[in-house]
Amino acid sequence: MADIPTIDYNGKVAFVTGAGSGIGRATAIAFAKAGASVAAADINRQGLEQTVQDVAAFGGKILPLECDVTNGSSVKAALEKTVESFGRLDAAFNNAGIEQPAQPLAELSEDVWDRVVAVNLKSVFLCMKYQIEIMLRQGSGAIVNTASGAGILAIRGQSSYCASKFGVVAASKVAALEYADKGIRVNAICPGIIDTPMIARYTGDTEEGRARIIAQEPVGRMGRPEEIAGTVLWLCSEAGGFVTGHAMVVDGGQTAGI
C-alpha cells in the first residue's frame, strides 16, 4: 500500500503574488514555515518588507520581488529572478487582486473596469504564461489562482469584480486541461469573506460594516487568511496531487445554497 502523501515543501520553491498583505502574506509565511524557499512578489514595497520581516523572524527563506503583475515584462523578470535565485519553481500562488467600488454596471467608469480586470485577471494570464514555461522545462509544477465566491456567484454592484473572478476560474480550468499531461496542475481557490485589508476597505472598516458582511456567512464569522493559506498549500502539495481544473470554494458556507 502506498504511503499517504504529506504536505512537505523542504527543497521546494514557491512564488506568491500579492504577498505584501492579507491572504498573500499569510500564504508566503505558510510556505516558508513548511520548508519552501519563497519568492514574494508585490507592488507595495512597504507591505513586502513586513512580509520579509515576518518570515525572517523564524529563519525562513524569502526573496522579495517588487512586481507589477499587470506588466508582462515585470512578471517575467520576477520569475526569472526566482529561478536564478532558487533554481526552480514548484508552486505558484497567483493571488494579487483589488476590489471594485459598489456601483451598478452602467455607472461604472471604463477606467475602473479596466483596472480591476487588469489586476485580477490579466495578471493571472501573465503569471501562468511565464510560470508554465518554467514548469514545462521541469516537467512538473502546481499553480493556484485566486478567484472568489464572486467567481461562481453574481453579486449586484460588482460587475467588473465578478467578471474578473469568473474569468480566473475559466482560465484556470482551460490551463488545467491543456497541461494536465505535462505534469502541471492548475486550480483556482474561491475565498468567501476573509478578514483582510481589502475587506476592511470594502466595509469602511466600521463595526457596522463588518457586522453587515458577517451576516452573509452561515458560520457567523469572517474567514482568516491563514485558512486560505492552508488550502493553497494542500492544493500545491503531493497530498492534492490528483486535483486539477477545480475551483475550490472556501467560504464558510456562503455559496452552499446555489
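How are H1 and H2 oriented to each other: roughly parallel or roughly perpendicular? They are roughly parallel (angles under 35 degrees). The points below start from that pair.

1. Basis of the note. This is a predicted model: local features need pLDDT of at least 70, side-chain atom pairs count only at pLDDT 80 or more, and totals for chains, interfaces and linings use all residues. Residues are numbered from 1 along each chain as its sequence is written, and side-chain values use heavy atoms, with hydrogens and water left out.

2. H1 with H2. Helix H1 covers residues 22-33 and helix H2 covers residues 45-56. Helices here are DSSP runs (H or I) of at least four residues, strands (E) of at least two, numbered from the N terminus. The H1 and H2 axes lie 10 Å apart, at an angle of about 25 degrees. Axes are lines fitted to C-alpha atoms, for helices over the stretch in contact; angles run from 0 to 180 degrees between N-to-C directions. The crossing of H1 and H2 is right-handed, meaning that the near helix is turned clockwise from the far one by less than a right angle. From H1, the contact (heavy atoms within 4.5 Å) uses Arg 25, Ala 28, Ile 29 and Ala 32. H2 brings Gly 47, Gln 50, Thr 51, Asp 54 and Val 55. By class, these are 4 nonpolar, 3 polar and 2 charged residues. Ala, Val, Leu, Ile, Met, Phe, Trp, Tyr, Cys and Pro count as nonpolar, Asp, Glu, Lys and Arg as charged, and the others, Gly among them, as polar.

3. H3 with H4. The axes of H3 and H4 come within 9 Å and cross at roughly 35 degrees. This crossing of H3 and H4 is right-handed. On the H3 side are Gly 72, Val 75, Lys 76, Leu 79 and Val 83. They meet Leu 126, Cys 127, Tyr 130, Gln 131 and Ile 134 of H4. The contact of H3 with H4 holds 7 nonpolar, 2 polar and 1 charged residues.

4. Two residues of H4. Leu 126 lies in helix H4. Beyond four places in sequence, Leu 126 touches Val 69, Thr 70, Asn 71, Gly 72 and Val 75. Ser 123 is also placed in helix H4. Ser 123 is buried, at 4%. Its contacts, neighbours within four places aside, are Val 69, Ala 96 and Ala 118.

5. The cores. A nonpolar core is a set of buried Ala, Val, Leu, Ile, Met, Phe, Trp, Tyr and Cys residues joined through side-chain atoms within 4.5 Å. The largest has 32 residues; Phe 15, Leu 65, Val 75 and Met 128 are among those with the most contacts inside it. E2, E3, H3, H4, H5 and E6 each supply at least two of its residues. H4 gives the largest share, 8 residues. Apart from this core lies another, of 29 residues, including Tyr 9 and Val 38.

6. A loop residue to check. Asp 205 sits in the loop between helix H6 (197-203) and helix H7 (207-214). Phi of Asp 205 is near 55 degrees, a positive value. Most residues other than glycine have a negative phi. Asp 205 counts as exposed (over 50% relative accessible area), at 55%.

Notes
Buried < 20%, exposed > 50% of the residue type's maximum accessible area, 1.4 Å probe, protein only. Parallel < 35°, antiparallel > 145°, perpendicular 65-115°, else oblique.
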